[in-house]
Amino acid sequence: MIRELTTGQRQAALAFLAFFALGGLFLAAFGRADPIAGHGWLVLAVALISLFAVLTRYYDPEPAADRSAEYYDAPVKTGIIIAMVWAVVGMFVGDWVAWLLVNPNLTFVDQAWASFGRLRPVHTTAVIFGFGGNALIATSFYVVQRTCRTRLAGHLSPLFVLWGYNLFCLLAVTGYLWGINQSKEYAEPEWYADIWLVIVWVAYFVLFLRTLARRKEPHIYVANWYYLAFILVVAVLHIVNGLALPLSWTQAKSYSLFAGVQDAMTQWWYGHNAVAFFLTAGFLGMLYYYLPRRAERPIFSYRLSIISFWGITFFYMWAGSHHLHYTALPHWVQTLGMTFSVMLLVPSWASAGNALMTLNGAWHRVRDDATLRFMFVAAVFYGLSTFEGSFMAIRSVNALSHYTDWTVGHVHAGALGWVAMITFGAIYASVPWLWKQKTMWSPRLVEVHFWLALAGTLIYVFAMWNSGIIQGLMWRTYNESGTLAYSFIQSVEAMHPYYIARAVGGLFFLIGALVGCYNIWMTIRAAQADHVLEGDTPESAPRAALEAGR
Amino acid sequence: MFGLHYKLEKKAIALVLAIIGVSSIGGLVEIAPLFTIDQTVEEAPDMRVLTPLELAGRNIYIREGCNACHSQMIRTLRDEVERYGPYSRAAESQYDHPMLWGSKRTGPDLARVGDKYSDAWHAAHLNNPRDLVPQSVMPAYPWLARTPARIDDLGQHLRRLRQLGVPYTDAMIQNAVADAAGQVAPNTDRGWGVAERYGEATNLRDFDGQPGAPTEMDALVAYLQMLGRQTNIARTPASEGAE
C-alpha cells in the first residue's frame, strides 16, 4: 500500500502520524486518572505501528508519476479483508452473547469486560460499523471508480479514510469493554471517538465528491446516488445525535445535550435512519452495481430507480418515531412516524422489485452461480424485511411487538438476510476481479457458504418470530379473574428453547463467514502464485451495460 | 419530472444539495417542535434531581449497558400499567441526559422499580441473580460490591448537568463529594447535609450493607431505589398535557 505513495506523500504520512502519536500521548498523559488514558495509549500504539510500517518501506521504489490510466485498488483490497475480519469478530461475539442468554453462567471469568451488557455493543458495532462500514467504504471506492471511469481523487486520503475509520471502530469496541459507553443505541462511543469519526467522514465525503468531479461519464450512476446519500445523511445524523458536553477535555464521560422526550426522538431519528442510510442506502448502492454486473443484465427500470431513491431519502427520515409508540412522546409525532413508515413500503418494494426484475432472463445464472444467488436472496430479504418493518410500525401491531424478540428477529432478517447477503455477494464478485483471477479459489465453498448463511438466517429469524410473539402474548394475557396470567419470569423461561435455536442459527452464519474467509485467503494466495489475468482500467470498462434504456 | 432528473444527475453538487434538502424535512418537522411546544413535557413542580450518589449509580447503569435489556418507559397499555405501575410521563425523564427509555425487555421494565424491593434484595440479586431467581438469565455483577465508587469528580458532573438545564444549586455542586459519602452514612452530619439539600424524601441508607466509603453497589442500588420516585406526577389523576 505504501509502495503506491510518492516520496512526498510518504513524508506527509510520516508527519501526520507523528502528530497523531503526540495526540495519543497527550490523552494518555493528561487523562491518566480516567479511562480515556487507555485510548490515549491505543492511539499512540496505532500511530507508532503505522510510522514503523511507513518507515520500513520508505526507500522502496516510487510509483510512476501519472497513474490516471489505472484504478487505485489497494484500499479496496485492504477494506475487503478488514471487513471480513470484523465480520468474524462481530459474529463470534454475537453468537457468544446469544449463548449467554441460553446459560448466563457461561461467562467463565468473573470480570466486568466479559459481561453481556458490555459485549452486546461490541457485537452490534463490529457487525454494523466494522463489517458493514468497511464493506461500504471498500465497495464505494471500487464502484465510484468503475462507474466514473476514473481513478480515485487522491492517494493518501483513501488510506486515511479507511484506516481512520477502523481506528474509530477500534476505539468504540475497546471502549465498551473498559466501560466507556454513552448508552445511545448504535451510537455508543463517547464524544472524542465521535469527533474523530466526523473528521474521517468529511475526508470521505470530499474524496467521493472529487472523484465524481473527475468522471468521464456525463451522468452519475444510480449506485453513486445511494453512496452519496449514505455519506451525507449519516454525517448529519451522527453529528446531531452525538451532541454532548464532555466532563473535560481529558475525560471520556459526557452528557448528552438532549434529555428525556427530545433525546428519545433524536435518538430514534438517528437510530432508524442509521438503518435507512447506513444499512439500506449504502447497500442499495452496492446492489445497483454488483447485481446487474454479475447477472450481465441492465437495471430493469431507470425510472423506478429514481422514484425509489427519492422516496427512500424523503420518507425514511420521518419514520423514527414508530420506535416510540404509546410512550410519553406526543401522539402526533407517533402518528406521523407510523404513516410515513407505511408509505415507505412503496419505494422499498420499488427497489426490491427493480432488483428482482433485473434478474429476469438471468434465472439460470441465479441457479448456477452462488454469488449471484447471494444477491438474489438479499433482494428477497430486503423486500420481506421492509414489509415487516412497515407492518410493525403500525401502532396496534407495535403494541404487541415492541420490547420483544420480534424486533431482534426483524433486525436480523434485515442484517443477515439483506445486508450480509448482499455484502458477501459483492465480495465474492469483487475478489476475483481485484486479484485478477477467473473465479474464486473454490466456487463450491461459495456454495457451502451460501447454504450455511441461508440456513442460519432462517433458523435465527423463525426462532425470534416465535419467541417475540409468545413473549408479547404472555405479557398481555389475562386469566378468568381478570388479572395478568403470567409473571415476567415465566416469559423468560418460555424463551429458553428459542434462545438455543437462535444461538445455533447464529453459529451457522458464523461458520459460513469463516468458510468465506478461507476461500478469500486461498484466492489471494493463488493470485500470488499463478499468473494473473489482465485487470480492468478506466479505458476498458464499459459502463453502459449496467443501464437500462432511458 | 424524469427530464429534470436527467439534468440533476449530471451535477454532483446539485445532487448533494437535493439530498440534504429532501432528507432534512422529516427531522425538522418532527423534532424541532418538541423543543417549542409547551405541552410536550408536563409541569412537575415536585420534581427532584438525582443526588450525586444516585447519579454515579446511573452512570454505572449506563456503563454496564443495563438499558440494553431493561426499559424505563411504561406504555399507555392496560397490561403494562397493571404489571409495572402508572404509565410514564415525559416530565419524569426531563433531567435524563441521555434518556434511558430502552427498546427491549429481556428483563422487566424498571421505570418504577424504586422501593419495590429491599436494598438487601437488590444487592444479593446484582451479586448473582440466580441466588434469588433461579430461572433468571441476567448477568451477575459480583465486582460491584468490592469496587469503590468513583466520587471525587462528582462536582464536575453536577456542574455539567446544570449547564444543560438540570437545577443543581451551588451548594449541591460544592458538596457533591461529601454528599455522595453522606448518603450511605445516615444520622451523621454529612447525612443530614444530604437531606437538607435534596429533601427529606431522599433515601439515606447504607445500601450495600457494608459500612465505609460508598461502593459501586451502593451507587447502583441508590439509583434503582430512586427510579420512579423523582416526582409523583404519574400518580396524580389526569394532569394537564397527558393524554
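Helices are taken here as DSSP runs of H or I at least four residues long, numbered from the N terminus. On this basis, chain B of the predicted model reads along its sequence as α-α-α-α-α-α-α-α-α-α-α. The chain holds 11 helices and 0 strands.

The C-alpha atoms of chain B occupy a box of roughly 80 × 45 × 40 Å along the principal axes. Of the 243 residues in this chain, 59% are buried. Contacts in chain B between residues at least 6 apart in sequence were also examined, and 70% of them join residues at least 24 apart.

The accessible surface of chain B amounts to about 10100 Å², and carbon and sulfur atoms account for 57% of that area. With regard to charge, chain B carries 25 positive and 30 negative side chains. The centres of these two sets are separated by 7 Å.

In chain A, A:Asn105 lies in the loop that runs between helix 3 (74–102) and helix 4 (116–148). A:Asn105 is classed as exposed because its relative accessibility is 51%, and the exposed class begins over 50%. Between A:Asn105 and A:Thr124 there is a separation of 19 residues in sequence, and the C-alpha to C-alpha distance is 22 Å. The side chain of A:Asn105 also takes part in a polar contact of 3.5 Å with the side chain of B:Arg130. This loop residue of chain A is thus exposed and is joined to a residue of chain B by a side-chain polar contact.

Methods: Residues numbered from 1 in each chain as written. Chains lettered and ligands numbered in written order. Heavy atoms only, no water. Helix = DSSP H or I, 4+ residues; strand = E, 2+ residues; numbered from the N terminus. Buried < 20%, exposed > 50% of the residue type's maximum accessible area, 1.4 Å probe, protein only. Contact = heavy atoms within 4.5 Å. Areas by Shrake-Rupley, 256 points an atom, 1.4 Å probe, with all protein chains shown as cover. Lys, Arg positive; Asp, Glu negative; His and termini not counted. Charge placed at Lys NZ, Arg CZ, Asp CG, Glu CD. Polar contact = N/O pair within 3.5 Å; in protein donor to acceptor, adjacent residues only side chain to side chain.
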